[in-house]
Amino acid sequence: MTATQSNNVAPNAAEYGGDEISALVLDPGYSVVRGGFAGEDVPKSVVPSFYGILSSGDERKYVYGENAIHTPLPNIGIGNPVSKLGFVEDWDTATSLWEYAITSRLTNTKASNPMTNGLNEKTDELKQEMEGVEMQERPLEENPLLMTETGWNVGKGRERPIEIAMENWGAPAFWLARSGVLSAFSAGKASALVVDIGASSTSITPVHDGIMLKKGTVHSPVAGNYISDQLRLIFSTAQPPITLTPHYLVNSKTPVDAGAPAQATYRSFPPGTEPAPSFRALQEERILTEFKESVVAVWSPGRLGGHNQQGGTNLDLARTQAARPFEMPDGYNQMFGAERYRAVESLFDVKMALSDAAHPAPSPNETLPALIQYSLSQVDVDIRPHLLANIVVVGGSSLIYGLNERLKQELEALYPGPRVRIFSPGNVVERKFSSWIGGSILASLGTFHQMWISKKEYDEHGPGIVEKRCK
């Protein structure tokens with residue numbers, strides 16, 4: 001006789017498989033924090049990793065979310081708990097930011113205190129009942145949590161997330177997964193060479209049978225923010241120089257011809273209330289991101305600094321190509337020709353990098369082809385052809401037009417024998433959120449439920465269990 005589950009008996013609390021649970025997947029990055037329920041196609045919560053700092057005398061208040069960091073409040077500054085290398089530098093703020101990403105979109109918000117909602121009389125009995133209730137409520141008491149980490153995260157950076165999940169949020173179970181492995185899973189591959197070009201860093205992660213090959217994992221700061229710095233140098237050395245004026249400083253503007261000076265009225269702030277320079281830098285970055293999305297492209301075939309079959313240079317040929325228009329928030333507009341290729345060329349050829357004292361040129365070892373070549377040299381020679389045939393390109397900065405085609409050309413020149421195949425989602429959402437999607441797939445598998453680190457195991461072994469279990 002087949003045993004059946006009684007409707008009156010609750011499932012075992014240690015079982016986290018199938019439909020009995022709704023696990024949460026949290027994917028924190030330098031630019032944005034992505035959160036959502038396992039089994040869904042896209043994260044429901046996408047929150048900037050940047051936060052606003054409101055200063056009033058000696059008091060400081062932190063505000064989170066898209067609207068908060070883009071509103072020019074008096075004296076507002078901008079911070080980020082994550083370093084450009086991907087390490088968390090401010091754990092207290094990171095905890096608050098991640099909790100905001102979870103509670104603002106995913107879990108139910110806490111009910112307001114009935115003593116302060118105007119619907120109840122303030123009696124001593126009610127006061128006694130409410131004491132300590134808020135301390136008992138935790139955002140993840142019913143949800144196991146899968147968090148992502150960089151391939152080069154070590155030591156305390158691996159242990160702190162499970163401490164936060166178990167002790168601060170009350171999660172019943174936890175797992176820590178490498179983002180490169182999850183990106184491979186999102187592409188439907190157990191073995192792949194994952195090229196992740198993000199905002200602050202580019203990483204190359206070889207994955208074999210679902211395991212990250214740590215020796216071959218490399219990363220470089222030559223990524224989205226580096227391209228933004230190249231654009232700043234292009235604009236500052238243009239004749240005349242192009243000024244980045246964010247939207248919040250422009251009251252009104254008048255249309256002007258291409259290349260003509262901007263005719264705009266600008267916003268002023270009372271003395272002592274101006275937003276901090278960090279706020280302006282973030283708003284300038286929004287302009288540069290829009291420029292990268294609509295104008296910047298990767299040159300091919302060949303290198304921009306090389307020669308073509310006609311005997312001329314590719315840079316001269318690029319100047320004859322159709323230019324792209326772009327209008328700044330203050331109305332200044334221009335047609336951009338060779339400049340739109342120059343900004344990103346040093347991802348492949350450092351000789352084309354622009355530099356100054358504050359922005360030194362990258363080393364030849366930090367280009368995309370060099371990083372991939374080094375990564376492959378660190379893995380077993382027998383699996384190199386398989387990895388070359390399964391290159392997965394992801395990350396928001398990989399969306400620059402023509403990047404995949406150029407990368408394929410560069411790798412075919414380096415490896416003329418093996419077949420080079422690049423897999424890259426055409427869908428923007430899948431490209432930007434690949435590691436979250438991989439986590440969503442993994443945490444929703446029925447066979448994964450036995451992998452979770454339970455609260456009981458955490459209490460027995462402490463945070464060090466992450467190093468033993470989450471390889």
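**A walk through some local details**

Let's start with Ser346: setting aside neighbours within four places in sequence, Ser346 is in contact with Tyr226, Gln230, Met352, Ala353 and Thr367, where contact means heavy atoms within 4.5 Å. Before going on, keep in mind that this is a predicted model, in which local features need pLDDT of at least 70 and side-chain atom pairs count only at pLDDT 80 or more, while totals for chains, interfaces and linings use all residues. Residues are numbered from 1 along each chain as its sequence is written, and side-chain values use heavy atoms, with hydrogens and water left out.

Back to Ser346, which sits in the loop between α10 (339–345) and α11 (368–377). Helices here are DSSP runs of H or I with at least four residues, strands are runs of E with at least two, and both are numbered from the N terminus. Ser346 counts as buried because its relative accessibility is 0%; buried means under 20% relative accessible area, exposed over 50%, and partly exposed in between, using a 1.4 Å probe and protein chains only. One of its contact partners, Tyr226, also gives Ser346 a side-chain to side-chain polar contact at 2.6 Å. A polar contact is a pair of N or O atoms within 3.5 Å; within protein, one must be able to donate a hydrogen and the other to accept it, and residues adjacent in sequence count only if both atoms are side-chain atoms.

Leaving out residues up to four places away in sequence, Asp27 touches Val32, Val33, Arg34, Thr148, Ser435 and Trp436.

Next, the backbone. The peptide bond from Gln239 to Pro240 is cis, with omega near -5°, and Pro240 lies in the loop between α7 (224–237) and β13 (250–254). Ser300 and Pro301 are also joined by a cis peptide bond, with omega about 0°; look for Pro301 in the loop between α8 (277–294) and α9 (314–319).

Asn75 isn't a glycine, yet its phi is positive, near 60°. You'll find Asn75 in the loop between α1 (66–69) and β6 (77–79), partly exposed with a relative accessible area of 31%. Asp209, not a glycine either, has a positive phi of about 55°. Asp209 lies in the loop between β10 (202–208) and β11 (211–212) and, at 55% relative accessibility, counts as exposed.
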